[in-house]
Every structure is written in C-alpha cells, then in structure tokens.
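Biologist: Please take me through this structure one question at a time. Start with the terms.

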Amino acid sequence: MISLRELQDADEQVLFAWRREPEVDRWMSDAAFPSEAAHKAWFDALRGDPDMRGWMIVQGEKPAGLLTLTGLQNHHRRAAWNWFLGSVEARGRGVGRAAQVLGIDKAFGELGLEKVFAEVMADNDPALKAQTAVGFLREGYLRAHVLKDGVRRDVVLLGLLADEWKSSGDRVRQSLIDARMIAA
C-alpha cells in the first residue's frame, strides 16, 4: 500500500541521500546540488513554513519519495506541485501515480486549493505519464527554461483544477483501490 505521512526528523538525511543520486538529481531543476547545510535549511523550511507542505511517500513501511506543495499562502488558492521517487524499488510500479492521488485529495480537500500546477522537464516521460494518468493537463511549454548541468532544458507546464478532480478523481482513486495500491 502507498500512503503519505508527515515528515519526520530522520527524513532529512533520507531525502539528502536520494538527492545525491544521479537518477534523481537529473530531473531536479535546481541550479546545483545543494550543500548539506542548504538541504537542511530547505527541509526545516518545508516543515516550518506555512507557505509549504511536504509528505513522505511511503510504500508499505518504507520511504519511497517526496511530495510537496508550495505557495499555499497566496490568495489565488493554487500551489506548485512537486514530487519525486527516491527509492529505486518504487519506480515504474505505479507508486508515483498512487501518491499523487493521495496528495491531490489533500490539496483539494484538506487544504482547500482550487488548482495545483507543475513544471516537469520535457524529457521526463515517466513523470509526465504519471501526472497525466491522474488528470493533470498540459497548459504550456517553456523552451530552454531550465539550466541544468550547463544545458538548457525545456519544461512542460501541467495543471489540475479542483473541479476537474471532482469529475475524475473517484474513478482514478477507485482504480488504485481495486489494484490494492491505496487504502479505501
């Protein structure tokens, strides 16, 4: 089963270790890999800043990835959506799709947002596939938008509205419940 849980102190080192892995870092749009001190400051802000929320994606009992929402305090009732799978065992098995359903439920339910949006590297086919599978729609394409490792990379803009989730969320959620990926 896939679930989301609140971040714990020990997660900071787990996330930092994942972030050092080339397969994870290659999809991050950060300019450079953060120092350990910078990563800890980011983690502390994620846990303490009311403008941001983060959850550990858990597969069974084991941490599998991270899902975050930022920009929660704006009057637009929208937030930037980010997620990644750090655990190699979780990739390609529907974990990202399941975690996103749980996160979307939190965004539109608990947090009362009207929109979540994401920037995804244009060549990150697994993330684009996982996000469109749960209902995100392509809203734009930014050419040479991110500089990563000295190379300009294109970015796809994706968005999901609360009303769209109301229409399709039950179907998407039920398919994951039936597959025993998430709890009912």
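Modeller: A residue is buried under 20% relative accessible area, exposed over 50%, and partly exposed in between (1.4 Å probe, protein chains only). The model is predicted, so local features need pLDDT of at least 70 and side-chain atom pairs count only at pLDDT 80 or more, while totals for chains, interfaces and linings use all residues. Residues are numbered from 1 along each chain as its sequence is written, and side-chain values use heavy atoms, with hydrogens and water left out.

Biologist: Is arginine 77 buried, exposed or partly exposed?

Modeller: Arginine 77 sits in the loop between β3 (62-70) and β4; strands (E, at least two residues) and helices (H or I, at least four) are DSSP runs, numbered from the N terminus. Its phi is near 60°, a positive value in a residue other than glycine. The relative accessible area of arginine 77 is 42%, so the residue is partly exposed.

Biologist: And aspartate 149, is it buried or exposed?

Modeller: Aspartate 149 lies in the loop between β6 and β7 (151-161). It is not a glycine, yet it has a positive phi of about 55°. With 62% relative accessibility, aspartate 149 counts as exposed.

Biologist: How many aromatic pairs are there?

Modeller: Rings of Phe, Tyr and Trp (its six-membered ring) pair if their centres lie within 6.5 Å; planes under 30 degrees apart are stacked, over 60 edge-to-face, and the rest tilted. By this rule the count of aromatic pairs is two.

Biologist: What is the arrangement of tryptophan 18 and phenylalanine 84?

Modeller: Tryptophan 18 belongs to helix α1 (residues 11-19) and phenylalanine 84 to strand β4 (residues 78-85), 66 residues apart. Tryptophan 18 is buried at 9% relative accessibility, and phenylalanine 84 is buried at 15%. The ring centres are 6.1 Å apart and the planes stand at 85°, so the pair is edge-to-face.

Biologist: What is the arrangement of tryptophan 81 and phenylalanine 136?

Modeller: Tryptophan 81 is in strand β4 and phenylalanine 136 in the loop between α5 (125-133) and β6 (137-148), 55 residues apart. Tryptophan 81 and phenylalanine 136 are both buried. With 5.7 Å from centre to centre and 45° between the planes, the pair is tilted.

Biologist: Which word describes the angle between α4 and α6?

Modeller: The axes of α4 (residues 95-110) and α6 (residues 162-178) come within 11 Å and cross at roughly 140°; axes are lines fitted to C-alpha atoms, for helices over the stretch in contact, and angles run from 0 to 180 degrees between N-to-C directions. Angles under 35 degrees are roughly parallel, over 145 roughly antiparallel, 65 to 115 roughly perpendicular, and the rest oblique. The two helices, α4 and α6, are therefore oblique.

Biologist: How many charged residues does the contact of α4 with α6 have?

Modeller: Contact means heavy atoms within 4.5 Å. The residues in contact include Arg97, Asp105 and Phe108 of α4 and Trp165, Arg173 and Ser175 of α6. Ala, Val, Leu, Ile, Met, Phe, Trp, Tyr, Cys and Pro count as nonpolar, Asp, Glu, Lys and Arg as charged, and the others, Gly among them, as polar. The contact has eight nonpolar residues and one polar, and its charged residues number three.

Biologist: What is the C-alpha to C-alpha distance between alanine 183 and serine 3?

Modeller: Alanine 183 is in the segment after α6 and is exposed, with a relative accessible area of 52%. Not counting residues up to four places away in sequence, it touches Met1 and Ile177. Alanine 183 and serine 3 are 180 residues apart in sequence, but their C-alpha atoms are separated in space by 8.1 Å.
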